[in-house]
Amino acid sequence: MKELEDRILSEGIVREGDVLKVDSFLNHRCDTQLYDHMGAEWARLFAGEPVDKILTIEASGIGIACVAARHFGNVPVVFARKTESINLDGSQYRTQIHSYTHGRDYHVIVAKRFLTPGEHVLIIDDFLANGCALNGLLQICEDAGVSVTGIGIAVEKGFQPGGKSLRERGYHLESLAIVDSMDPATGKITFREQ
Ligand code: 5GP
């Protein structure tokens, strides 16, 4: 998606440790018009495929997913919550995720009553790196007995293994921008032709 690539080129900052900062439009200040165009693009890419619900993860996924839902017939959005507390009453799906940017593990939960077995779920998130966040969401989908229609990602770092692994496992993965290389010394970013 050229508009997203152009924003990454003009405002993205390449940090050591393979981190791309896009705080000015995606992860801190939110450009809702860009979100709207991203939602329209995912709707085009997943056209004709069933979507009953969008699943994402807090925090940055929420805004993107909510705007995208407007392009999928206003389906509900459910976000996995990050939590420290342990709830043993069995009312939640729960999984552990390793955070790429914070270098630690955390738990996420989704209330069982917000995922219905058999429904079709589109997963949306801001970044795909090693795939830990998505694998956690996929685990929750499997536990819930929902069918994963596909995965929509804003920025995939194609030089990290998450995207390749998910495509090999047969998921319909649509990343709107795939960064093939980025250099913290020069700031140069290159994208995969799509
Ligand atoms: P993964 O779990 O695929 O390794 O990493 C995905 C998650 O880590 C995303 O949800 C995102 O929050 C964060 N993340 C990974 N790499 C980057 C990055 O380069 N920039 C930003 N802003 N977030 C990232």
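Tutor: Helices (H or I, at least four residues) and strands (E, at least two) are DSSP runs, numbered from the N terminus. By that scheme isoleucine 124 is part of strand S7. The model is predicted, so to speak of local features requires pLDDT of at least 70, side-chain atom pairs count only at pLDDT 80 or more, and totals for chains, interfaces and linings use all residues. Residues are numbered from 1 along each chain as its sequence is written, and side-chain values use heavy atoms, with hydrogens and water left out.

The ligand site comes next. The ligand is surrounded by 16 residues, where a residue is near if one of its heavy atoms lies within 4 Å. The closest are Leu20, Ala129, Gly131, Ala133 and Lys157. Sorted by class, this shell holds eight nonpolar, four polar and four charged residues (Ala, Val, Leu, Ile, Met, Phe, Trp, Tyr, Cys and Pro count as nonpolar, Asp, Glu, Lys and Arg as charged, and the others, Gly among them, as polar).

On the nitrogen side, a polar side-chain atom of asparagine 27 is 3.0 Å from a ligand nitrogen atom. On the oxygen side, an N or O atom in the side chain of aspartate 126 is 3.2 Å from a ligand oxygen atom. The ligand taken alone exposes 500 Å², of which the protein buries 88%; accessible areas come from the Shrake-Rupley method with a 1.4 Å probe, and for residues only the protein chains shown count as cover.

Strand S2 (19–21), strand S7 (120–128) and helix H5 (132–144) are the elements that give two or more residues to the shell. Of the elements, S7 gives the most, four residues. Isoleucine 124, within S7, has 0% relative accessibility and therefore counts as buried (under 20% is buried, over 50% exposed, in between partly exposed). Its C-alpha atom is 17 Å from that of glutamine 33, which is 91 residues away along the chain.

Next come the loops, taken in chain order. Aspartate 18 lies between strand S1 (13–15) and S2. Aspartate 18 has a positive phi of about 60 degrees although it is not a glycine, and its relative accessible area of 33% makes it partly exposed. Cysteine 30 sits between helix H2 (23–27) and helix H3 (32–45); at 44% relative accessibility, cysteine 30 is also partly exposed.

Glutamate 58 and alanine 59 are joined by a cis peptide bond, with omega of about 5 degrees. Alanine 59 is in the loop between strand S3 (53–57) and helix H4 (60–69). Asparagine 74, in the loop between H4 and strand S4 (77–83), has a positive phi of about 60 degrees although it is not a glycine. Its relative accessible area is 47%, so asparagine 74 is partly exposed.

Lysine 188 occupies the loop between strand S9 (173–182) and strand S10 (189–191). With a relative accessible area of 55%, lysine 188 is exposed. Its C-alpha atom is 30 Å from that of isoleucine 123, at 65 residues along the chain.

Terms used: Polar contact = N/O pair within 3.5 Å; in protein donor to acceptor, adjacent residues only side chain to side chain. Buried < 20%, exposed > 50% of the residue type's maximum accessible area, 1.4 Å probe, protein only.
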